[in-house]
Amino acid sequence: MSSVRSANGPNLRKSTLSDSVSSTFVLSEAMLRRSQRLQSNGYYGSQEEPLISYKETLYRIFKRRRPRPVPDNIDQDTVEYNTDDRDTVDYNYDDFVDYSSDSSRGLFRAIKALGLLVLMLALCFGLIFSIGGLKIDFSTPFMSEYLMNGHEQVERQVQELQRELMDLRKRIDFLLPVRDRMPNFALEELGAKIVKEQSSASYLSEQAGLKLLGLTLIPAKPPCVSPRVVIQGRAPMVPGVCWSFAGSQGHLTIKLPHSIAISHVTLGHISKMVSPSGKVSSAPRMFSVFGKRALDDSGVHLGTFVYDENGEPLQTFRIPDDKVDVIRYVTLHVLNNWGSREYSCLYNFRVHGKLA
(Lines give C-alpha, C1' and ligand atoms only; values in the text may rest on other atoms or scores of the structure.)
Protein backbone atom coordinates (compact mmCIF):
# COMPACT_ATOMS: atom_id res chain seq x y z
CA MET A 1 0.00 0.00 0.00
CA SER A 2 2.85 2.37 0.77
CA SER A 3 4.47 1.70 -2.52
CA VAL A 4 1.31 2.54 -4.31
CA ARG A 5 0.90 5.79 -2.46
CA SER A 6 4.47 6.83 -3.05
CA ALA A 7 4.19 5.97 -6.67
CA ASN A 8 1.06 8.05 -7.17
CA GLY A 9 2.24 10.99 -5.09
CA PRO A 10 4.18 12.87 -7.76
CA ASN A 11 1.31 12.40 -10.26
CA LEU A 12 -1.18 13.92 -7.87
CA ARG A 13 1.05 16.92 -7.29
CA LYS A 14 1.46 17.44 -11.03
CA SER A 15 -2.28 17.28 -11.68
CA THR A 16 -3.02 19.70 -8.85
CA LEU A 17 -0.45 22.13 -10.16
CA SER A 18 -1.79 21.91 -13.67
CA ASP A 19 -5.35 22.45 -12.44
CA SER A 20 -4.36 25.54 -10.47
CA VAL A 21 -2.48 26.95 -13.49
CA SER A 22 -5.43 26.29 -15.81
CA SER A 23 -7.91 27.83 -13.35
CA THR A 24 -5.65 30.85 -12.97
CA PHE A 25 -5.45 31.19 -16.75
CA VAL A 26 -9.20 30.86 -17.14
CA LEU A 27 -9.77 33.36 -14.34
CA SER A 28 -7.34 35.80 -15.86
CA GLU A 29 -8.99 35.30 -19.28
CA ALA A 30 -12.41 35.85 -17.73
CA MET A 31 -11.13 38.98 -16.02
CA LEU A 32 -9.83 40.23 -19.32
CA ARG A 33 -13.22 39.61 -20.92
CA ARG A 34 -15.09 41.56 -18.32
CA SER A 35 -16.97 44.66 -19.33
CA GLN A 36 -15.86 47.77 -17.53
CA ARG A 37 -19.42 49.07 -17.67
CA LEU A 38 -20.79 45.98 -15.95
CA GLN A 39 -17.96 46.01 -13.41
CA SER A 40 -18.62 49.65 -12.55
CA ASN A 41 -22.32 48.86 -12.08
CA GLY A 42 -21.58 46.09 -9.57
CA TYR A 43 -22.31 43.17 -11.84
CA TYR A 44 -19.38 41.10 -10.41
CA GLY A 45 -18.98 40.09 -6.78
CA SER A 46 -15.92 39.71 -4.54
CA GLN A 47 -15.23 36.26 -5.97
CA GLU A 48 -15.24 37.68 -9.45
CA GLU A 49 -18.53 35.92 -10.23
CA PRO A 50 -21.64 37.55 -11.71
CA LEU A 51 -24.21 38.49 -9.10
CA ILE A 52 -27.11 38.72 -11.60
CA SER A 53 -28.43 35.59 -13.25
CA TYR A 54 -31.12 35.21 -15.91
CA LYS A 55 -33.51 32.33 -15.94
CA GLU A 56 -34.24 30.98 -19.37
CA THR A 57 -37.75 29.79 -20.11
CA LEU A 58 -38.28 27.50 -23.07
CA TYR A 59 -41.46 27.84 -25.13
CA ARG A 60 -42.67 25.36 -27.68
CA ILE A 61 -42.77 26.91 -31.11
CA PHE A 62 -43.61 23.96 -33.34
CA LYS A 63 -46.58 21.67 -32.85
CA ARG A 64 -46.03 18.22 -31.53
CA ARG A 65 -45.84 15.49 -34.06
CA ARG A 66 -48.30 12.72 -33.74
CA PRO A 67 -46.75 9.29 -33.19
CA ARG A 68 -46.56 7.39 -36.43
CA PRO A 69 -46.79 3.65 -36.71
CA VAL A 70 -43.55 1.89 -37.38
CA PRO A 71 -43.52 0.23 -40.79
CA ASP A 72 -43.28 -3.57 -40.83
CA ASN A 73 -40.03 -3.50 -42.76
CA ILE A 74 -38.33 -1.42 -40.05
CA ASP A 75 -36.65 -3.10 -37.15
CA GLN A 76 -37.88 -2.05 -33.75
CA ASP A 77 -34.30 -1.42 -32.68
CA THR A 78 -34.01 1.43 -35.18
CA VAL A 79 -36.77 3.35 -33.42
CA GLU A 80 -35.58 5.89 -30.84
CA TYR A 81 -38.10 7.10 -28.28
CA ASN A 82 -37.71 10.45 -26.63
CA THR A 83 -38.12 9.94 -22.92
CA ASP A 84 -38.59 13.65 -22.30
CA ASP A 85 -41.66 13.86 -24.52
CA ARG A 86 -43.76 10.73 -24.68
CA ASP A 87 -45.97 12.07 -27.45
CA THR A 88 -43.14 12.25 -29.96
CA VAL A 89 -41.31 9.37 -31.55
CA ASP A 90 -38.14 9.74 -33.59
CA TYR A 91 -37.51 7.28 -36.35
CA ASN A 92 -34.44 6.48 -38.28
CA TYR A 93 -35.55 7.76 -41.69
CA ASP A 94 -32.49 6.52 -43.46
CA ASP A 95 -34.10 3.11 -43.95
CA PHE A 96 -37.47 4.17 -45.44
CA VAL A 97 -39.19 6.98 -47.37
CA ASP A 98 -39.81 10.35 -45.70
CA TYR A 99 -43.59 10.79 -45.78
CA SER A 100 -43.37 14.35 -44.54
CA SER A 101 -41.41 15.71 -47.51
CA ASP A 102 -42.90 18.41 -49.77
CA SER A 103 -42.98 16.19 -52.84
CA SER A 104 -44.90 13.48 -51.01
CA ARG A 105 -47.39 15.99 -49.68
CA GLY A 106 -47.94 17.50 -53.15
CA LEU A 107 -48.51 14.06 -54.66
CA PHE A 108 -51.00 13.18 -51.95
CA ARG A 109 -52.92 16.43 -52.47
CA ALA A 110 -52.99 15.92 -56.24
CA ILE A 111 -54.41 12.42 -55.85
CA LYS A 112 -57.02 13.71 -53.42
CA ALA A 113 -58.08 16.54 -55.76
CA LEU A 114 -58.31 14.11 -58.70
CA GLY A 115 -60.56 11.84 -56.69
CA LEU A 116 -62.87 14.70 -55.76
CA LEU A 117 -63.04 15.80 -59.40
CA VAL A 118 -64.01 12.33 -60.57
CA LEU A 119 -66.70 12.15 -57.89
CA MET A 120 -68.17 15.53 -58.90
CA LEU A 121 -68.23 14.55 -62.59
CA ALA A 122 -70.03 11.36 -61.75
CA LEU A 123 -72.64 13.24 -59.75
CA CYS A 124 -73.14 15.77 -62.54
CA PHE A 125 -73.64 13.10 -65.21
CA GLY A 126 -76.06 11.27 -62.98
CA LEU A 127 -78.07 14.44 -62.40
CA ILE A 128 -78.19 15.21 -66.14
CA PHE A 129 -79.38 11.72 -67.01
CA SER A 130 -82.03 11.85 -64.31
CA ILE A 131 -83.34 15.22 -65.54
CA GLY A 132 -83.30 14.08 -69.16
CA GLY A 133 -85.76 11.32 -68.40
CA LEU A 134 -87.95 13.58 -66.25
CA LYS A 135 -91.05 15.10 -67.84
CA ILE A 136 -92.46 18.33 -66.37
CA ASP A 137 -96.20 18.64 -66.35
CA PHE A 138 -97.14 22.29 -66.95
CA SER A 139 -100.83 21.57 -66.42
CA THR A 140 -100.45 21.29 -62.66
CA PRO A 141 -101.85 24.21 -60.61
CA PHE A 142 -98.41 25.06 -59.27
CA MET A 143 -96.79 25.27 -62.71
CA SER A 144 -99.73 27.18 -64.23
CA GLU A 145 -99.65 29.71 -61.38
CA TYR A 146 -95.87 30.04 -61.77
CA LEU A 147 -96.23 30.67 -65.50
CA MET A 148 -99.02 33.21 -64.97
CA ASN A 149 -96.97 35.13 -62.42
CA GLY A 150 -94.00 35.19 -64.78
CA HIS A 151 -96.21 36.37 -67.66
CA GLU A 152 -97.69 39.18 -65.57
CA GLN A 153 -94.26 40.25 -64.44
CA VAL A 154 -93.04 40.41 -68.06
CA GLU A 155 -96.11 42.45 -69.05
CA ARG A 156 -95.45 44.94 -66.26
CA GLN A 157 -91.85 45.32 -67.33
CA VAL A 158 -92.92 45.88 -70.96
CA GLN A 159 -95.43 48.53 -69.88
CA GLU A 160 -92.79 50.31 -67.81
CA LEU A 161 -90.40 50.29 -70.77
CA GLN A 162 -93.13 51.68 -73.03
CA ARG A 163 -93.84 54.52 -70.60
CA GLU A 164 -90.14 55.34 -70.38
CA LEU A 165 -89.94 55.31 -74.18
CA MET A 166 -92.89 57.70 -74.47
CA ASP A 167 -91.34 60.06 -71.93
CA LEU A 168 -88.09 59.95 -73.86
CA ARG A 169 -89.91 60.74 -77.11
CA LYS A 170 -91.65 63.69 -75.49
CA ARG A 171 -88.34 65.04 -74.32
CA ILE A 172 -86.86 64.59 -77.78
CA ASP A 173 -89.86 66.33 -79.36
CA PHE A 174 -89.48 69.19 -76.92
CA LEU A 175 -85.80 69.59 -77.69
CA LEU A 176 -86.09 68.79 -81.42
CA PRO A 177 -89.49 69.60 -83.01
CA VAL A 178 -91.00 67.49 -85.78
CA ARG A 179 -90.18 70.05 -88.46
CA ASP A 180 -86.48 69.78 -87.61
CA ARG A 181 -86.63 65.99 -87.98
CA MET A 182 -88.06 66.16 -91.53
CA PRO A 183 -86.24 67.20 -94.69
CA ASN A 184 -86.98 70.67 -96.07
CA PHE A 185 -87.18 70.63 -99.87
CA ALA A 186 -87.95 74.36 -100.15
CA LEU A 187 -84.37 75.27 -99.36
CA GLU A 188 -82.22 77.37 -101.65
CA GLU A 189 -79.07 75.47 -100.78
CA LEU A 190 -80.70 72.26 -102.04
CA GLY A 191 -81.69 73.86 -105.36
CA ALA A 192 -85.09 75.43 -104.67
CA LYS A 193 -85.85 78.62 -106.62
CA ILE A 194 -88.39 81.46 -106.54
CA VAL A 195 -90.64 81.75 -109.60
CA LYS A 196 -90.96 85.54 -109.81
CA GLU A 197 -93.41 85.40 -112.75
CA GLN A 198 -95.99 83.72 -110.54
CA SER A 199 -95.24 85.63 -107.31
CA SER A 200 -96.47 88.96 -105.93
CA ALA A 201 -94.38 92.11 -106.28
CA SER A 202 -92.24 93.22 -103.39
CA TYR A 203 -93.54 96.01 -101.19
CA LEU A 204 -91.73 99.37 -101.38
CA SER A 205 -92.62 101.77 -98.60
CA GLU A 206 -92.32 105.50 -99.27
CA GLN A 207 -90.74 107.26 -96.34
CA ALA A 208 -90.26 111.01 -96.27
CA GLY A 209 -86.91 112.00 -97.63
CA LEU A 210 -87.45 115.71 -98.20
CA LYS A 211 -90.54 117.55 -97.06
CA LEU A 212 -91.67 121.13 -97.60
CA LEU A 213 -94.76 122.51 -95.93
CA GLY A 214 -95.87 118.96 -95.12
CA LEU A 215 -95.49 117.78 -98.72
CA THR A 216 -93.07 114.99 -99.72
CA LEU A 217 -90.80 116.31 -102.46
CA ILE A 218 -88.23 113.48 -102.68
CA PRO A 219 -89.41 110.12 -101.30
CA ALA A 220 -86.77 107.89 -99.73
CA LYS A 221 -87.31 104.19 -100.52
CA PRO A 222 -85.50 101.65 -98.41
CA PRO A 223 -83.74 98.80 -100.20
CA CYS A 224 -86.06 95.93 -101.15
CA VAL A 225 -85.50 92.50 -99.54
CA SER A 226 -85.52 89.68 -102.10
CA PRO A 227 -88.13 86.90 -101.76
CA ARG A 228 -85.21 84.46 -101.70
CA VAL A 229 -84.90 85.16 -97.96
CA VAL A 230 -88.02 83.03 -97.45
CA ILE A 231 -86.27 79.86 -98.69
CA GLN A 232 -82.83 80.50 -97.22
CA GLY A 233 -83.68 78.88 -93.88
CA ARG A 234 -82.35 81.66 -91.68
CA ALA A 235 -82.23 80.85 -87.97
CA PRO A 236 -82.98 82.65 -85.82
CA MET A 237 -85.37 84.97 -87.58
CA VAL A 238 -84.41 88.65 -87.19
CA PRO A 239 -86.98 91.48 -87.27
CA GLY A 240 -86.99 93.20 -90.65
CA VAL A 241 -85.16 90.42 -92.52
CA CYS A 242 -88.24 89.25 -94.41
CA TRP A 243 -89.98 89.50 -97.77
CA SER A 244 -92.99 91.82 -97.76
CA PHE A 245 -95.75 92.40 -100.28
CA ALA A 246 -98.37 95.15 -100.37
CA GLY A 247 -101.70 94.67 -98.65
CA SER A 248 -103.00 91.66 -96.79
CA GLN A 249 -103.11 89.28 -99.74
CA GLY A 250 -100.27 87.92 -101.86
CA HIS A 251 -98.70 84.74 -103.19
CA LEU A 252 -95.28 83.16 -103.66
CA THR A 253 -94.41 80.27 -105.99
CA ILE A 254 -91.42 78.00 -105.33
CA LYS A 255 -89.83 75.46 -107.63
CA LEU A 256 -88.61 72.44 -105.66
CA PRO A 257 -85.35 70.68 -106.58
CA HIS A 258 -87.16 67.31 -106.87
CA SER A 259 -90.65 65.97 -107.30
CA ILE A 260 -91.90 64.99 -103.86
CA ALA A 261 -94.97 63.55 -102.14
CA ILE A 262 -95.76 66.53 -99.91
CA SER A 263 -96.82 65.82 -96.31
CA HIS A 264 -96.25 69.01 -94.25
CA VAL A 265 -95.60 72.73 -94.65
CA THR A 266 -94.04 75.13 -92.14
CA LEU A 267 -94.64 78.88 -91.97
CA GLY A 268 -92.40 81.18 -89.93
CA HIS A 269 -92.70 84.70 -88.50
CA ILE A 270 -91.09 86.53 -85.60
CA SER A 271 -92.86 86.35 -82.24
CA LYS A 272 -94.35 89.23 -80.30
CA MET A 273 -91.49 89.11 -77.81
CA VAL A 274 -88.97 89.79 -80.58
CA SER A 275 -91.04 92.36 -82.44
CA PRO A 276 -90.01 95.99 -81.65
CA SER A 277 -93.68 97.06 -81.52
CA GLY A 278 -94.80 94.04 -79.52
CA LYS A 279 -97.23 93.13 -82.28
CA VAL A 280 -97.18 90.87 -85.37
CA SER A 281 -99.92 92.53 -87.38
CA SER A 282 -98.04 91.86 -90.67
CA ALA A 283 -97.91 88.10 -90.04
CA PRO A 284 -100.09 85.92 -92.30
CA ARG A 285 -103.27 84.70 -90.66
CA MET A 286 -105.10 82.42 -93.09
CA PHE A 287 -103.25 80.93 -96.04
CA SER A 288 -103.70 78.20 -98.62
CA VAL A 289 -101.17 75.88 -100.28
CA PHE A 290 -101.37 74.75 -103.90
CA GLY A 291 -99.25 72.19 -105.74
CA LYS A 292 -98.35 71.65 -109.37
CA ARG A 293 -96.53 68.96 -111.31
CA ALA A 294 -95.55 71.44 -114.03
CA LEU A 295 -95.51 75.21 -114.16
CA ASP A 296 -98.33 75.43 -116.70
CA ASP A 297 -100.62 72.99 -114.86
CA SER A 298 -103.56 74.13 -112.85
CA GLY A 299 -102.75 74.07 -109.18
CA VAL A 300 -104.14 71.43 -106.86
CA HIS A 301 -105.46 72.76 -103.56
CA LEU A 302 -103.60 70.98 -100.75
CA GLY A 303 -105.19 72.72 -97.77
CA THR A 304 -106.02 75.94 -95.98
CA PHE A 305 -104.48 76.70 -92.59
CA VAL A 306 -104.36 79.41 -89.90
CA TYR A 307 -101.16 80.78 -88.42
CA ASP A 308 -101.46 81.53 -84.67
CA GLU A 309 -100.02 84.91 -83.74
CA ASN A 310 -99.55 83.75 -80.11
CA GLY A 311 -97.97 80.46 -81.05
CA GLU A 312 -94.41 79.44 -81.81
CA PRO A 313 -92.46 81.41 -84.43
CA LEU A 314 -92.30 78.33 -86.66
CA GLN A 315 -95.60 76.44 -87.01
CA THR A 316 -95.97 73.19 -88.95
CA PHE A 317 -99.19 72.07 -90.66
CA ARG A 318 -100.04 68.61 -91.95
CA ILE A 319 -101.45 68.07 -95.44
CA PRO A 320 -104.62 65.92 -95.36
CA ASP A 321 -104.02 62.36 -96.51
CA ASP A 322 -106.67 62.56 -99.24
CA LYS A 323 -104.89 65.56 -100.77
CA VAL A 324 -101.33 64.28 -100.73
CA ASP A 325 -99.95 64.36 -104.25
CA VAL A 326 -96.67 64.35 -106.13
CA ILE A 327 -95.70 67.93 -106.94
CA ARG A 328 -92.74 69.96 -108.21
CA TYR A 329 -94.09 73.52 -107.70
CA VAL A 330 -95.64 74.90 -104.54
CA THR A 331 -97.62 78.13 -104.27
CA LEU A 332 -98.25 79.85 -100.93
CA HIS A 333 -101.31 82.08 -101.11
CA VAL A 334 -101.85 84.46 -98.16
CA LEU A 335 -105.52 85.29 -97.71
CA ASN A 336 -105.23 87.82 -94.86
CA ASN A 337 -102.98 88.93 -92.02
CA TRP A 338 -103.30 89.93 -88.37
CA GLY A 339 -104.30 93.58 -88.87
CA SER A 340 -101.84 95.39 -91.11
CA ARG A 341 -103.47 96.97 -94.13
CA GLU A 342 -100.24 98.32 -95.56
CA TYR A 343 -98.20 95.17 -96.09
CA SER A 344 -97.63 91.53 -95.04
CA CYS A 345 -94.33 89.78 -94.25
CA LEU A 346 -92.99 86.29 -94.85
CA TYR A 347 -89.91 85.19 -92.93
CA ASN A 348 -89.70 81.45 -93.57
CA PHE A 349 -91.54 78.80 -95.52
CA ARG A 350 -90.66 75.09 -95.62
CA VAL A 351 -92.02 72.13 -97.57
CA HIS A 352 -91.69 68.61 -96.16
CA GLY A 353 -92.30 65.21 -97.68
CA LYS A 354 -90.59 62.31 -99.39
CA LEU A 355 -88.95 61.92 -102.76
CA ALA A 356 -91.37 60.63 -105.38
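A charge sits over a ring if NZ of Lys or CZ of Arg is within 6 Å of the ring centre and within 35 degrees of the ring normal. Keep in mind that this is a predicted model.

**Exercise 1**

Find the residue whose ring face Arg 285 lies over, and give the distance from the ring centre.

Solution. Start at Arg 285 and look for the ring: it belongs to Trp 338. Now read the distance from the ring centre, which is 4.5 Å.

**Exercise 2**

Classify the aromatic pairs Trp 243–Phe 245 and Phe 287–Phe 317.

Solution. Step one: recall that a pair of aromatic rings is described by the distance of the centres and the angle of the planes. Step two: recall the cut-offs. Centres must lie within 6.5 Å; planes under 30 degrees apart are stacked, over 60 edge-to-face, and the rest tilted. The count by this rule is five aromatic pairs. Step three: take Trp 243 and Phe 245. Their centres are 5.5 Å apart and their planes make 45°, so the pair is tilted. Both residues, Trp 243 and Phe 245, are buried. Step four: take Phe 287 and Phe 317. Here the values are 5.4 Å and 75°, so this pair is edge-to-face.

**Exercise 3**

Explain why the pair of Phe 287 and Phe 317 ties together parts apart in sequence.

Solution. Locate each ring. Phe 287 is in strand β8 (residues 284–292), and Phe 317 is in strand β10 (residues 314–318). The pair therefore ties together parts that are 30 residues apart in sequence. Next, check burial: Phe 287 and Phe 317 are both buried.

**Exercise 4**

Decide whether Leu 117 and Asn 348 are buried, partly exposed or exposed.

Solution. Use the cut-offs: buried is under 20% relative accessible area, exposed is over 50%, and partly exposed is in between. Leu 117 has 46%, so Leu 117 is partly exposed. Leu 117 sits in helix α3 (residues 102–132). With Leu 114, Val 118 and Leu 121, Leu 117 forms a nonpolar surface patch of about 380 Å² of accessible area together. Asn 348 has 2%, so Asn 348 is buried. Asn 348 lies in strand β13 (residues 348–355). Leaving out residues up to four places away in sequence, Asn 348 touches residues including Val 230, Arg 234, Thr 266 and Leu 314.

**Exercise 5**

State what share of the 356 residues is buried.

Solution. Buried residues make up 25% of the protein's 356 residues.

Note on methods
Residues are numbered from 1 along each chain as its sequence is written. This is a predicted model: local features need pLDDT of at least 70, side-chain atom pairs count only at pLDDT 80 or more; totals for chains, interfaces and linings use all residues. Side-chain values use heavy atoms; hydrogens and water are left out. Rings of Phe, Tyr and Trp (its six-membered ring) pair if their centres lie within 6.5 Å; planes under 30 degrees apart count as stacked, over 60 as edge-to-face and the rest as tilted. Buried means under 20% relative accessible area, exposed over 50%, partly exposed in between (1.4 Å probe, protein chains only). Helices (H or I, at least four residues) and strands (E, at least two) are DSSP runs, numbered from the N terminus. Patches are made of residues with over 30% relative accessible area and no salt bridge: like charges are joined within 9 Å, nonpolar side chains (Val, Leu, Ile, Met, Phe, Trp, Tyr) within 5 Å. Accessible areas come from the Shrake-Rupley method with a 1.4 Å probe; for residues, only the protein chains shown count as cover. A salt bridge is a side-chain nitrogen of Lys or Arg within 4 Å of a carboxyl oxygen of Asp or Glu. Contact means heavy atoms within 4.5 Å.
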